[in-house]
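Reader: I would like to learn how to read pockets, cavities and ligand contacts in a model. Can we work through one case?

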Amino acid sequence: MTKKLRNVLTGAIEATPPVWFMRQAGRYLPEYRRLRTEAGSFMQLCLDPRKAADVTLQPVSRFGMDGAILFADILIVPHGLGTEVSFREGEGPSLPPLRPGDALPELDPEAFSARTAPIMETVRIVAAEMPAGTTLIGFAGAPWTVATYMVEGGSSRDFTQTKRWAYARPAEFQSLIDRITDATILYLRAQADAGAEALQLFDSWAGVLPADAFGRWSIEPAARIVSALRKTHPGIPLIGFPRGAGPSIVDYARRTGVDAVSLDTSIPLAWARGAMPDLCLQGNLDPQWLVVGGDGLDDQVARIGEAMAGAPFIFNLGHGIVPETPPDHVGRAVAAIRRLGV
Ligand code: CP3
């Protein structure tokens, strides 16, 4: 059976685009909430391969997505580096804040592999159990985005501490970025070895960086990750998601060498197509349309489908599904996407 999503990532054009949604597994699904409660905590769910595999497969079974995104979190890399990561109910992640002058977490490859081994077991289970036409997507957070959580100690609105560190002590901040980059390369290689068929790099906070800093802290680490993976795993397609990068996304695509870029909701599709004519593009429906639903949702699907017709394209969102989303609206969107090009 052909893997439509994987084919599009390697340059094929499909009249009806393949589809998956960021955060397609999550709290909006009652079957997710059930397993999440059973697991006890979000981190325990991520580190329980049987449950994490079941959660990964839930949206694939319910909606027939072309892509299964590994269920884990971008903060598994700091966890692998020995950082204490927890998620408090309704508050998001919490880590001990790392500040200039602090000892950086060490990357001991054996300890890192042991601490991230449950994730690789999840990949193996999903690869063995998913439908034949599905593509298994592994992922990691990009070094800049992961660094913001490590430095701020969790989510942030203005990224004050991380930016001040990067601007005031760039050589020391570079060491932190390099450490995360090395860990991310190990982590993504292990996912590819375990059976991931494509890999996405989430740079969720790329958009807070001024253009010159974006080059150094977002593009350069991503370029290093891409070139390391090309050496050991030349066949695996890589998707970059520099959220909020605006027109700098063209530079990102060219200088990192990714096979595809994911577009956030702000990117005009006709512009992206013109600026990156041969690249596989992914995106960029506003997840709030999945909350609203109705004819408006169908119209948005049709608009995106028209803009991307005749080019390599993966239907996705501009950001993750939100917990308030009625599952039926996701089903409605997938049905509308399946009517494109027919
Ligand atoms: O379905 C999927 O997309 C796969 C799994 C996945 C999760 N997180 C599960 C998750 C993926 C790919 C991520 C990536 C991730 N995690 C990002 C990058 C994408 C983005 O959203 O910008 C970031 C920034 C994180 C860090 C993170 N994880 C935060 C800030 C939070 C708390 C906020 C929230 O939405 O709850 C999480 C928790 C998280 N990660 C949940 C899920 C399903 C919800 C936790 C729960 O069940 O209580």
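This is a predicted model: local features need pLDDT of at least 70, side-chain atom pairs count only at pLDDT 80 or more; totals for chains, interfaces and linings use all residues.

Reader: How much space lies in the largest pocket?

Author: About 1300 Å³. The elements that give two or more residues to its lining are α2, β2 (86-88), β3 and α13 (287-292).

Reader: How many residues line the largest pocket, and which lie nearest its centre?

Author: The lining has 41 residues. R23, R27, F42, D73 and F87 lie nearest the centre. By class, the lining of this pocket divides into 23 nonpolar, 10 polar and 8 charged residues.

Reader: What takes up the space of the largest pocket?

Author: The ligand does.

Reader: Which residues come nearest to the ligand?

Author: The shell around the ligand has 24 residues. R23, R27, Y32, D73 and S204 come nearest.

Reader: How does the shell around the ligand divide by class?

Author: It has 14 nonpolar, 6 polar and 4 charged residues.

Reader: Now the polar contacts. Where should I look?

Author: Look for N or O atoms within 3.5 Å of each other. Start with the side chain of S204: one of its N or O atoms is 2.6 Å from an oxygen atom of the ligand. Then take the backbone. An N or O atom of Q24 lies 3.2 Å from a ligand oxygen. For A25, a backbone N or O atom is likewise 3.2 Å from an oxygen atom of the ligand.

Reader: How much of the ligand's accessible area does the protein cover?

Author: The ligand has 880 Å² on its own, and the protein covers 89% of that.

Reader: How many cavities of 30 Å³ or more does the structure hold?

Author: The count is 1. About 60 Å³ of space lies in the largest cavity.

Reader: Which residues line the largest cavity?

Author: L188, L199, Q200, L201, I225, V226, L238, I239 and V258. They divide into 8 nonpolar, 1 polar and no charged.

Reader: Which element gives the largest share of that lining?

Author: β5 does, with 3 residues. β5 (198-203), α10 (211-232) and β6 (238-242) each supply at least two.

Terms used:
Residues are numbered from 1 along each chain as its sequence is written. Side-chain values use heavy atoms; hydrogens and water are left out. A residue is near a molecule or strand if one of its heavy atoms lies within 4 Å of it. A polar contact is a pair of N or O atoms within 3.5 Å; within protein, one must be able to donate a hydrogen and the other to accept it, and residues adjacent in sequence count only if both atoms are side-chain atoms. Accessible areas come from the Shrake-Rupley method with a 1.4 Å probe; for residues, only the protein chains shown count as cover. On a 1 Å grid over the protein atoms alone, a cavity is a set of points where a 1.4 Å probe fits but cannot get out, and a pocket is an open set with protein on both sides within 12 Å along at least five of seven lines; lining residues have an atom within 4 Å of a point. A molecule sits in a cavity or pocket if more than half of its atoms lie within 2 Å of its grid points. Ala, Val, Leu, Ile, Met, Phe, Trp, Tyr, Cys and Pro count as nonpolar, Asp, Glu, Lys and Arg as charged, and the others, Gly among them, as polar. Grid points are joined across faces, edges and corners, and a volume is the space filled by probe spheres set on the points. Helices (H or I, at least four residues) and strands (E, at least two) are DSSP runs, numbered from the N terminus.
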